[in-house]
Amino acid sequence: MVPKLVFATSNAHKTEEVAAILGEAWQVQDLRAHPGVTLDEETGDTFEANAIIKAVSGSRGVPGMLVLADDSGLEVDALGGHPGVRSARYAGETANAADNRAKLKAELSKLEQTAPFSGRFQCCMVLARDGAVLHITQASVEGHLLTEEQGAGGFGYDALFVPEGFSDSFGVLSAETKNQLSHRARALEAMKEQLASLA
Ligand code: IMP
């Protein structure tokens with residue numbers, strides 16, 4: 001029987017990526033399959049602190065099950081590492097991805113420095129069960145930011161981020177390519193051995 005893994009998110013894009021990266025070895029369910037599970041507020045100052053909050057609170061809602069949580073975001077060097085842990089709410093508490101991209105473009109346009117703007121996506125993954133942390137991994141993908149969106153694929157800031165070694169944004173590159181080199185793919189790769197030992 002294929003083991004189940006609860007991914008503590010309601011972000012369908014992230015779930016799609018995690019399910020594709022893990023392949024057939026795991027049946028990945030997110031919080032849409034567990035509507036009664038609530039996650040504690042992300043009050044941490046780091047990706048790790050917030051991923052722990054999500055994994056631990058999520059795992060308390062599904063006793064005995066393995067729960068994975070990811071906290072991720074974009075760091076832009078010329079903006080002192082912002083939006084960072086506030087990536088999902090950069091343009092305000094109720095901001096959507098388009099609002100956040102607009103805010104990022106506006107902030108970049110105010111800078112004296114000109115392109116290229118270096119940055120990276122960061123991802124911390126935490127595995128938990130019954131309120132206890134089992135394993136933590138963190139990974140990033142370096143690249144640069146565009147000042148105009150390129151492509152309609154992916155989600156979040158994908159259309160503004162070109163990974164190192166490529167000339168197209170994650171909004172243009174295929175899901176297969178992104179899932180081989182993204183921050184999420186690398187953090188999950190580092191988690192695979194631990195997951196296999198618990199399957
Ligand atoms: P979280 O759900 O609190 O981890 O928020 C992560 C936010 O960072 C997302 O809402 C996106 O804005 C951004 N982000 C994280 N990973 C990616 C990615 O792979 N592509 C584009 N944006 C991302």
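## Terms and model

Helices (H or I, at least four residues) and strands (E, at least two) are DSSP runs, numbered from the N terminus. This is a predicted model: local features need pLDDT of at least 70, side-chain atom pairs count only at pLDDT 80 or more, and totals for chains, interfaces and linings use all residues. Residues are numbered from 1 along each chain as its sequence is written, and side-chain values use heavy atoms, with hydrogens and water left out.

## Backbone details in the loops

Two cis peptide bonds come up here. One runs from His 82 to Pro 83, with omega near 0 degrees. Pro 83 lies in the loop between strand 3 and helix 3. The other runs from Ala 115 to Pro 116, with omega near 5 degrees. Pro 116 is placed in the loop between helix 3 and strand 4 (117-129).

Asp 130 is not a glycine, yet its phi is positive, near 50 degrees. Look for Asp 130 in the loop between strand 4 and strand 5 (132-145).

## The largest pocket

Pockets are found on a 1 Å grid over the protein atoms alone: a pocket is an open set of points where a 1.4 Å probe fits, with protein on both sides within 12 Å along at least five of seven lines, and lining residues have an atom within 4 Å of a point. Grid points are joined across faces, edges and corners, and a volume is the space filled by probe spheres set on the points.

The largest pocket holds about 720 Å³ of space. Its lining has 31 residues, and Asn 11, Lys 14, Ser 72, Ser 87 and Ala 88 lie nearest the centre. Strand 3 (67-76), helix 3 (97-109) and helix 5 (183-189) each give two or more residues to this lining. Strand 3 has the largest share, with 4 residues. By class, the lining has 9 nonpolar, 11 polar and 11 charged residues. Here Ala, Val, Leu, Ile, Met, Phe, Trp, Tyr, Cys and Pro count as nonpolar, Asp, Glu, Lys and Arg as charged, and the others, Gly among them, as polar.

## The ligand

The ligand sits in the largest pocket (more than half of its atoms lie within 2 Å of the pocket's grid points). Strand 3 and helix 5 each give two or more residues to the shell around the ligand. Strand 3 supplies the largest share of this shell, 4 residues. In total, 17 residues surround the ligand, and the closest are Lys 14, Asp 158, Lys 178, His 183 and Arg 184 (near means a heavy atom within 4 Å). The shell divides into 4 nonpolar, 5 polar and 8 charged residues.

Which side chains make polar contacts with the ligand (pairs of N or O atoms within 3.5 Å)? Asp 158 is one of them: an N or O atom of its side chain is 2.7 Å from a nitrogen atom of the ligand. Glu 42 has a side-chain N or O atom 3.2 Å from a ligand oxygen atom. For Lys 54, a polar side-chain atom lies 3.4 Å from an oxygen atom of the ligand. Taken alone, the ligand exposes 490 Å², and the protein buries 90% of that (areas by the Shrake-Rupley method with a 1.4 Å probe).

## The second largest pocket

The second largest pocket has about 200 Å³ of space. It is lined by 13 residues, with His 13, Glu 16, Glu 17, Gly 154 and Ala 175 nearest its centre. Helix 1 (12-22) and helix 4 (175-181) each supply at least two lining residues. Helix 1 has the largest share, 4 residues. The classes are 5 nonpolar, 4 polar and 4 charged.

Key
A polar contact is a pair of N or O atoms within 3.5 Å; within protein, one must be able to donate a hydrogen and the other to accept it, and residues adjacent in sequence count only if both atoms are side-chain atoms.
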